[in-house]
Amino acid sequence: MARSLGALRRAWDAGIGKRLRSRGHDRGMTTSEYAVGTIAACAFAAVLYKVVTSGAVLSALQSLIKDALDAKF
């Protein structure tokens with residue numbers, strides 16, 4: 001079994017693995033990419049918070065809840 005796995009690994013490295021490495025494919029994000037992604041997520045959350053807490057959205061939500069509670073069955 002170990003022999004066949006070694007042969008499979010060598011075949012992978014000689015074929016597909018070598019082509020993927022030459023194209024610059026990464027196995028994951030680097031620290032700087034995580035930092036940029038985190039900053040972008042925080043900025044999006046801040047914008048979303050401002051939109052949801054704006055007067056127009058709050059009044060629309062209050063109106064929606066009021067209409068739902070006042071519904072006649």
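A: H3 is hardly covered: among its 15 residues, the count of buried residues is zero. Buried means under 20% relative accessible area, exposed means over 50%, and partly exposed lies in between (1.4 Å probe, protein chains only). Helices are DSSP runs of H or I with at least four residues, strands are E runs of at least two, and both are numbered from the N terminus.

This is a predicted model, in which local features need pLDDT of at least 70 and side-chain atom pairs count only at pLDDT 80 or more, while totals for chains, interfaces and linings use all residues. Residues are numbered from 1 along each chain as its sequence is written, and side-chain values use heavy atoms, with hydrogens and water left out.

Helix H3 covers residues 55-69. From its first C-alpha to its last, H3 reaches 21 Å, close to the 21 Å expected at 1.5 Å a residue. That expected span is 1.5 Å times one less than the number of residues.

Leu61 is found in helix H3. It counts as partly exposed because its relative accessibility is 40%. Leu61 also belongs to a nonpolar surface patch, together with Phe44, Val47, Leu48, Val51, Val52 and Leu64. The patch has about 660 Å² of accessible area, by the Shrake-Rupley method with a 1.4 Å probe, where only the protein chains shown count as cover for residues. Patch residues have over 30% relative accessible area and no salt bridge; like charges are joined within 9 Å, and nonpolar side chains (Val, Leu, Ile, Met, Phe, Trp, Tyr) within 5 Å. H2 (31-52) and H3 each supply at least two of the patch residues. H2 gives the most, with five.

Next, the charged contact. The side chains of Lys66 and Asp70 meet in a salt bridge at 4.0 Å, N to O. The rule asks for a side-chain nitrogen of Lys or Arg within 4 Å of a carboxyl oxygen of Asp or Glu. By this rule, the count is one salt bridge. Lys66 counts as exposed because its relative accessibility is 53%.

Buried residues make up 1% of the 73 residues in the protein. Mean pLDDT, the predictor's confidence in each residue from 0 to 100, is 82 for the protein.
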